[in-house]
Amino acid sequence: MDTLCSPSRLVLVTFFLLCFFAGDSSATRPGFIYTRHRGRCTPQYWSSQREAWPRMVPERSTVEKIFGVMVAKERWRSDLTLVESTARNDEEGNAYGALLKQGIAALINSYARKSFSYAPWEVKTMLIQAMVSESAARRQAEHFAVANVACD
């Protein structure tokens with residue numbers, strides 16, 4: 001059998017050609033091992049500071065100033081900034097951490113993106129209402145996450 005045209009070699013060459021011509025279109029599809037959405041409305045995007053934040057929510061402002069003293073004192077440090085909140089990595093198993101991270105991204109999106117699902121007052125109200133229990137916080141964080149991903 002000729003080794004230059006063996007079926008396994010043809011399959012391998014075909015695979016490499018498909019990968020080469022797939023180019024940019026495969027970049028939006030999920031990865032094999034780990035996928036992380038890096039859209040223009042996610043907390044990761046806003047924490048990277050690739051785009052200027054809206055004036056209504058300055059990145060150095062504190063959670064206490066944006067959501068009120070009672071909300072901030074209940075779960076977080078009073079001097080926790082918004083940019084620190086979007087960069088947090090403690091949302092796994094921490095419903096209130098996920099709520100804060102996704103809620104702040106949703107608030108920024110409500111000011112920065114005209115087509116975002118919620119108005120700023122709705123985001124603030126829903127975040128404060130979700131503070132009543134861990135299950136409510138988890139559920140609202142998921143709703144914010146869906147809206148943030150769909151925003152692109």
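Which side chain meets arginine 138 in a salt bridge, and what is the N to O distance?

Author: The model is a predicted one. In it, the partner of arginine 138 is glutamate 134, and the N to O distance of this salt bridge is 3.2 Å. Both residues belong to helix H8 (residues 134–150), and because they are 4 residues apart there, about one helical turn separates them. Arginine 138 is partly exposed, at 37% relative accessibility. Glutamate 134 is also partly exposed, with a relative accessible area of 41%.

This pair can be set beside the others. The whole structure holds 4 salt bridges. One of them joins glutamate 51 to arginine 113, with 3.0 Å between the closest N and O atoms. Here distant parts of the chain are linked, the two residues being 62 residues apart. Glutamate 51 sits in the loop between helix H2 (43–48) and helix H3 (63–67), while arginine 113 sits in the loop between helix H6 (95–112) and helix H7 (120–129). Arginine 113 has 11% relative accessibility and so counts as buried, the cut-off for buried being under 20%. Glutamate 51, at 22%, counts as partly exposed.

A further salt bridge is formed by the side chains of aspartate 79 and arginine 77, at 2.9 Å from N to O. Aspartate 79 has a relative accessible area of 46% and is partly exposed; arginine 77, at 45% relative accessibility, is partly exposed too. These two residues also belong to a network of salt bridges that links Arg77, Asp79 and Glu84.

Note on methods: Residues are numbered from 1 along each chain as its sequence is written. This is a predicted model: local features need pLDDT of at least 70, side-chain atom pairs count only at pLDDT 80 or more; totals for chains, interfaces and linings use all residues. Side-chain values use heavy atoms; hydrogens and water are left out. Buried means under 20% relative accessible area, exposed over 50%, partly exposed in between (1.4 Å probe, protein chains only).
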